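Student: Let's work through this one quickly. Put the model up first.

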Amino acid sequence: MLLPLALSALVLGAQTTLAAPAADPLVARAAATSTTGIIFPLYYSPDPSTCYPEVQAVAKAHPKLPFTFIINPNSGPTTDTTDPMLACIPALRKAAPTSKIVGYVSTDYGKRASKLVQADINTYKGWSKYKEGGVAIPIDGIFLDETNTDGKGTTNFTLYSAYSRYIRQQFGANATIVLNPGDPVPAEFYPLASYLVTYESAYSEYKSNSVQSTASTPLKQQAVMVHSFPLSGTGAKAPATLLTNLVNSLAPNVGLLYVTNLQLSQTDVYGAIPPNWKQFTTALTSRDGI
């Protein structure tokens, strides 16, 4: 199979240094909104008869609330057209018409073979041929997990520049691209993506300076994913109070946010709807007035 120039250079071990793609048009759109959206990891199989009803309910009640759904059938894409996740895409689109749906792809911090990453991207692109109930189910782009962002001019910058370019080749110039290193990201990487996950960890590790911004690393391009949120507490440490304070400290400036009180020590924190889903979405929509 012939690879695009960017990826073929990487697979063959060429030393070509690639310029970053043009700035993502979604960045300007994100900067123009005063609302923090929700980045929701759909990492668990739904009941195809209801299709994530708690998520749909919030989306319908708050039509101005932006959603970015990360769809992840099997630690990556599937070619099984009967998979319930695929069946639920039209329902999610209907409930949240302005939502973006991105397919999960692992990069293993730059160690995964480029041809495998490309193959996953191609599989997600192939979903555009499928239909559910007569409705086409294309998605909007790719979520590159386990991103290694160690600076400009390095192998990793070249690698993710190539991935970003390839995703746009497959999904178009307006493709939604999310990079997830889970830590602060050098400014050079911002033009490669629509959003960058700059914090993904437990609430206990979150500090007031965990999320930072400059003119070239704007908060509107950043996504924050907090798990293991406290289950109990009183007074100033009551979960409801802590949740409101966290949301208010980030919204409406940060681009995307997700908070779950599923505990990493007990379960897959993205394996079910968060027990605090209603509290989180109420705090966010109240803060942003939507």
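Tutor: Start with a term: buried means under 20% relative accessible area, exposed over 50%, and partly exposed in between (1.4 Å probe, protein chains only). The model is predicted, so local features need pLDDT of at least 70 and side-chain atom pairs pLDDT 80 or more, while totals for chains, interfaces and linings use all residues. Residues are numbered from 1 along each chain as its sequence is written, and side-chain values use heavy atoms, without hydrogens or water.

Student: OK. Which residues of α5 are buried?

Tutor: Ser114, Val117, Gln118, Asp120, Ile121, Tyr124 and Gly126. Helices (H or I, at least four residues) and strands (E, at least two) are DSSP runs numbered from the N terminus.

Student: How many helices and strands does the protein have?

Tutor: There are 8 helices and 10 strands. Of the protein's 290 residues, 54% are buried.

Student: At what angle do α5 and α6 cross?

Tutor: Roughly 20 degrees. The axes of α5 (residues 114-126) and α6 (residues 155-171) come within 10 Å. Axes are lines fitted to C-alpha atoms over the stretch in contact, with angles from 0 to 180 degrees between N-to-C directions. So α5 is roughly parallel to α6 (under 35 degrees; over 145 is roughly antiparallel, 65 to 115 roughly perpendicular, the rest oblique).

Student: Which residues in α5 meet α6?

Tutor: Ser114, Val117, Gln118, Ile121, Asn122, Tyr124 and Lys125. On the α6 side, they meet Leu159, Tyr163, Tyr166, Ile167, Gln170 and Phe171. Contact means heavy atoms within 4.5 Å.

Student: New topic, α7. How many residues has it?

Tutor: α7 has 12 residues, 239-250. From first C-alpha to last it reaches 17 Å, close to the 16 Å expected. Pro239, Leu242, Leu243, Leu246, Val247 and Leu250 are its buried residues.

Student: Why do those line one face of α7?

Tutor: Seen down the axis of α7, the buried residues fall within an arc of 130 degrees, so they line one face. The arc uses directions from the helix axis to the C-beta atoms.

Student: What covers the buried residues of α7?

Tutor: The cover includes β9 (222-227), β10 (256-259) and α8 (277-288).

Student: And at what angle do α7 and α8 pack?

Tutor: About 40 degrees, with axes 9 Å apart. That makes α7 oblique to α8. Ala240, Leu243, Thr244, Val247 and Asn248 of α7 make the contact with Gln279, Phe280, Ala283, Leu284 and Arg287 of α8.

Student: Backbone next. Which residues does a cis peptide bond join?

Tutor: Ala251 and Pro252, with omega about 5 degrees. Pro252 sits in the loop between α7 and β10.

Student: What is the phi of Ser75?

Tutor: Positive, about 50 degrees, although Ser75 is not a glycine. Ser75 lies in the loop between β2 (67-71) and α4 (84-95). Ser75 is exposed, at 61% relative accessible area.

Student: What about phi of Asp108?

Tutor: Phi of Asp108 is near 50 degrees, also positive in a residue other than glycine. Asp108 is in the loop between β3 (100-106) and α5. Its relative accessibility is 30%, so Asp108 counts as partly exposed.

Student: Last one. Among contacts between residues at least 6 apart in sequence, what percentage join residues at least 24 apart?

Tutor: 74% in this protein.

Definitions and conventions:
The expected span of a helix is 1.5 Å times one less than its number of residues.
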